[in-house]
Amino acid sequence: LNPESSDGCWNLVEWGFSTDQGQLLLAHKPGQDQQRGMSTPISGDADIRFGVQLNEFRTRSNKVGFLNFGIVQHDPFSIYKGGYLSYQQPTPGGASPVRVLISGNNQATQKITVLEAGFQHEVLLSIEGDLMRVFLNGEQTGDPVSLPATDRAFWIGYVLPSKSELDVMITNL
């Protein structure tokens, strides 16, 4: 997350992704429905740690918005195969609570908690074998979810209805 390093980097500011002083910022207000994200390949067992500060997540329609962190199928690439920690905005309005979910393909979605925007989480996605465990603020949250057996990637992405607002700071990645 070095903003000084631009050689060969893809500028994703139009998608809402930017960096500042080693932090990944996701601030976006799309004019139309959008689904965007970025990934990096990972292999073997791994611990992925980062902080999430969700400052604002607002929708203006009855469509659901998501912020996703997950381990997905890398080759061939598919965001529809994997395990996820998701923040969901299910209802319109600025004061609407944000749901925290854990999910995996072919598994029931686990509803973990409901929070107001402005919260911070220290996140650990712990991958051992074909399972991912999610830890929030040092506590295991929910049941482990199954992952693709091989060829994995770490994914950060969102699904936003038009005129939604998302403002997130990701630190210590």
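Trainee: Which residue in β12 is the bridge partner of Ile42?

Mentor: Keep in mind that this is a predicted model. Ile42 belongs to β3, which covers residues 34–42 and pairs with β12 in the antiparallel sense over nine bridges. In β12, which spans 152–160, the partner of Ile42 is Arg152.

Trainee: What is the order of the strands in the open sheet?

Mentor: The sheet has six strands, and their pairing is antiparallel. Its edge strands are β3 and β8 (110–115), each of which pairs on one side only. From one strand to the next the twist averages 20 degrees. Read across, the order is β3-β12-β5-β6-β7-β8.

Trainee: How many bridges join β5 to β12?

Mentor: The two strands run antiparallel. Two of the pairs can be named: Phe66 has Val159 of β12 as its bridge partner, and Val72 has Ala153 of β12. The number of bridges joining β5 to β12 is eight.

Trainee: Why is β5 described as largely enclosed by the rest of the structure?

Mentor: Buried here means under 20% relative accessible area. β12 is mostly covered, with eight of its nine residues buried. β5 is largely enclosed because its own count of buried residues, out of nine, is eight.

Trainee: Which strand gives the most to the lining of the second largest pocket?

Mentor: The lining has 16 residues, and those nearest the pocket centre are Phe66, Asn68, Ile79, Tyr84 and Ser86. At least two lining residues come from each of β5 (65–73), β6 (78–89), β7 (98–104) and β12 (152–160). With five residues, the strand that gives the most is β6.

Trainee: How many residues of that lining are charged?

Mentor: Eight residues of the lining of the second largest pocket are nonpolar, and eight are polar.

Trainee: What space lies in the second largest pocket?

Mentor: Rolling a probe the size of a water molecule over the atoms shows where empty space is left. For the second largest pocket, the space comes to about 290 Å³.

Terms used
Residues are numbered from 1 along each chain as its sequence is written. This is a predicted model: local features need pLDDT of at least 70, side-chain atom pairs count only at pLDDT 80 or more; totals for chains, interfaces and linings use all residues. Side-chain values use heavy atoms; hydrogens and water are left out. On a 1 Å grid over the protein atoms alone, a cavity is a set of points where a 1.4 Å probe fits but cannot get out, and a pocket is an open set with protein on both sides within 12 Å along at least five of seven lines; lining residues have an atom within 4 Å of a point. Grid points are joined across faces, edges and corners, and a volume is the space filled by probe spheres set on the points. Helices (H or I, at least four residues) and strands (E, at least two) are DSSP runs, numbered from the N terminus. Ala, Val, Leu, Ile, Met, Phe, Trp, Tyr, Cys and Pro count as nonpolar, Asp, Glu, Lys and Arg as charged, and the others, Gly among them, as polar. Buried means under 20% relative accessible area, exposed over 50%, partly exposed in between (1.4 Å probe, protein chains only). Two strands pair if DSSP finds at least two bridges between them. Axes are lines fitted to C-alpha atoms, for helices over the stretch in contact, and angles run from 0 to 180 degrees between N-to-C directions.
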